[in-house]
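Dear colleague,

The notes after it go through what was found, one region at a time.

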Amino acid sequence: MSWPRALDAYLVGIGTFTLRPVDGNGPELSATARLGAGDEPLRFDDRYGIGLIVNKFGKIGHALADYDPGIVSRLLDHMDQVRDVVSTSTGLDVYVMGGTLLGPYRDGRIMPHDDDADLGYLSRHSHPVDVVREAFGVGRHLRAAGLEVVRASAGHLQVNFSHEGRPDAYVDLFTGWVDDFGWWQHTFAVRTRARRDQVLPTITIDVEGRPEPAPREPEIMLEANYGPGWRTPDPAFRFDIPKSTSDRFWAFFSDYEMDRVLWEDHYRYDLAGDRIAPGTAPSPYARSLAERIDPAAPVLELGSGRGHDALWLARQGHRVLAVDYVRWPTKRAAAIAADEGLPATFRTLNLYDLRRVLALGAEIAAREEPVVVYGRGLLGTMWDIGRPQLLRLLSMVLRSGGRAHLDVPRTSLIPDPGTGVPLHRAVTPDLLAAEMAPYGLVVEDVDEADDVVEHMPWSADSVSLPTTRMVVSWQPSTR
């Protein structure tokens with residue numbers, strides 16, 4: 001058997017490897033081995049010293065058992081805080097679900113291999129449009145309470161917390177409703193026949209010594225979520241969501257994730273990239289851009305990643321606003337900019353969320369100043385469904401005379417299976433120009449960059465990625 005690809009960067013050094021029977025019966029097999037050329041002990045932890053695991057999705061992550069002893073108590077405090085805000089501000093009944101229901105209800109405790117707390121609520125409405133409107137209101141109440149909220153879809157919120165300067169276990173909040181046809185539907189994976197009175201009023205179950213609300217008939221949700229074998233622990237369990245369910249939820253709630261978790265994991269666990277101080281490795285594109293724009297021009301960078309280019313441009317004197325939907329590198333770059341007093345602002349913003357895109361476009365357009373928009377590596381990793389939002393944003397911010405500088409790969413680079421890294425896809429300039437035209441956007445200049453060397457996350461070495469660079473402007477309609 002090959003090692004999980006997610007482990008590759010960590011498998012350098014000397015360690016003891018143990019195989020244990022799944023059922024706990026029988027002998028263990030252990031051996032000490034050296035992997036690679038390293039002489040140091042193997043380590044599989046994050047920058048804070050917290051142990052890591054390869055989870056059921058084949059990705060690197062955390063388990064509650066690897067945190068400090070206070071993690072479960074803090075997690076339940078976080079969960080109760082989220083529940084109290086929602087219940088107090090909206091009057092909705094919030095209950096434990098998912099793994100936070102399964103563990104206590106089946107085993108009498110939080111599952112040690114879990115990594116978060118799961119909460120849900122049942123909407124007052126039966127039509128998806130009304131359910132979504134209500135869900136957006138729930139998100140606003142949580143943000144108004146000062147909580148850090150990431151919207152994964154119109155029906156799924158993730159509330160994040162920190163402890164002693166490092167990320168702590170988070171809380172998921174899922175939207176549910178009973179429709180007019182007798183279906184109980186609940187993000188992210190529940191669609192089953194049930195009546196409203198089988199969900200509410202809630203019952204109380206014991207969660208690590210705390211009384212917590214749960215759906216009135218928990219077995220219905222657990223079977224819909226985990227299958228008929230939910231009563232028996234299964235270390236190899238994977239969610240098998242029927243296509244009919246996932247298609248409906250996509251139509252009802254869309255999906256604002258679109259590889260966000262993959263990129264967050266990459267930036268959080270990429271050992272090689274993490275050793276390079278942000279702002280010290282500007283891309284060739286950023287250097288080229290600085291030579292062709294006004295030295296004082298403000299810059300809006302879309303998809304700023306670790307912030308190398310944004311910080312470097314700020315050090316050259318540009319006023320920079322950089323956005324990305326990945327939180328870890330965005331926060332780190334913001335802290336560096338603040339420490340150095342650089343004219344750079346970093347925000348977490350999801351370009352798949354039209355509401356947030358319109359707000360950003362209106363904010364920048366109101367300044368009525370030409371702005372340089374810079375989007376290196378954006379078009380090649382963005383899903384097709386996101387380009388209309390991007391083009392709408394460009395049409396808003398370029399009307400004061402600015403230009404957008406974008407690039408796109410001329411060839412698709414497909415990583416090996418199992419790397420968990422989003423694809424870099426080629427999108428032809430002709431297709432992009434045709435999509436831009438209805439927004440009043442025009443491709444003014446095209447440059448074929450053949451000598452660009454990019455570091456691809458799935459490769460130990462840098463590889464050549466030929467790209468097409470474009471300069472885009474907005475032109476008033478001549479019709």
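A word on terms comes first: a residue is called buried under 20% relative accessible area, exposed over 50%, and partly exposed in between, with a 1.4 Å probe and protein chains only. This is a predicted model, in which local features need pLDDT of at least 70 and side-chain atom pairs count only at pLDDT 80 or more, while totals for chains, interfaces and linings use all residues. Residues are numbered from 1 along each chain as its sequence is written, and side-chain values use heavy atoms, with hydrogens and water left out.

Salt bridges

A salt bridge here is a side-chain nitrogen of Lys or Arg within 4 Å of a carboxyl oxygen of Asp or Glu, and by this rule the count comes to 31. One of them joins the side chains of Glu28 and Arg20, at 3.2 Å from N to O; Arg20 counts as exposed because its relative accessibility is 59%, whereas Glu28, at 48%, is partly exposed.

Another salt bridge brings together the side chains of Arg347 and Glu363, with 2.7 Å from N to O. Arg347 belongs to strand 18 and Glu363 to helix 11 (residues 354–365), so this pair ties together parts that are 16 residues apart in sequence. Helices (H or I, at least four residues) and strands (E, at least two) are DSSP runs, numbered from the N terminus. Arg347 is partly exposed, with a relative accessible area of 29%, and Glu363 is partly exposed with a value of 29%.

In a further salt bridge, the closest N and O atoms of Arg387 and Asp384 are 2.9 Å apart. Arg387 counts as buried at 4% relative accessibility, while Asp384, at 43%, counts as partly exposed. Elsewhere, salt bridges that share partners join Asp77, Asp80, Arg83, Asp84, Arg210 and Glu212 into one network.

Two strands are taken to pair if DSSP finds at least two bridges between them. On that basis seven strands form an open sheet with mixed pairing, in the order 18-17-16-19-20-24-21. Strand 18 (344–348) and strand 21 (441–449) stand at the edges with a single partner strand each, so one side of each has no neighbour in the sheet. Strand 17 (residues 320–324) pairs with strand 18 in the parallel sense over five bridges, and Ala322 has Phe346 in strand 18 as its bridge partner.

Strand 11 (residues 170–178) and strand 12 (residues 183–186) run antiparallel and are joined by three bridges, with Trp177 standing opposite Gln185 in strand 12. Their hairpin has four residues between the strands, and in this hairpin Gly182 takes a positive phi near 85 degrees. Strand 12 also pairs with strand 13 (residues 190–193), in the antiparallel sense and over four bridges.

Helix 3

Does the length of helix 3 agree or disagree with what its 17 residues should span? The expected span of a helix is 1.5 Å times one less than its number of residues; for helix 3 (residues 128–144) this comes to 24 Å, and the end C-alpha atoms are 24 Å apart, which agrees. Among the buried residues of this helix are Val131, Val132, Glu134, Phe136 and Leu142. Just after helix 3, Gly146 takes a positive phi of about 90 degrees.

Two further places

Pro213 is found in strand 15 (residues 210–214) and is buried, with a relative accessible area of 15%. The C-alpha atoms of Pro213 and Tyr95 are separated by 4.8 Å, although the two residues are 118 residues apart along the chain.

Lastly, Trp383 is placed in the loop between strand 19 (372–375) and helix 12 (387–397), and this tryptophan is partly exposed, with a relative accessible area of 39%.

With kind regards
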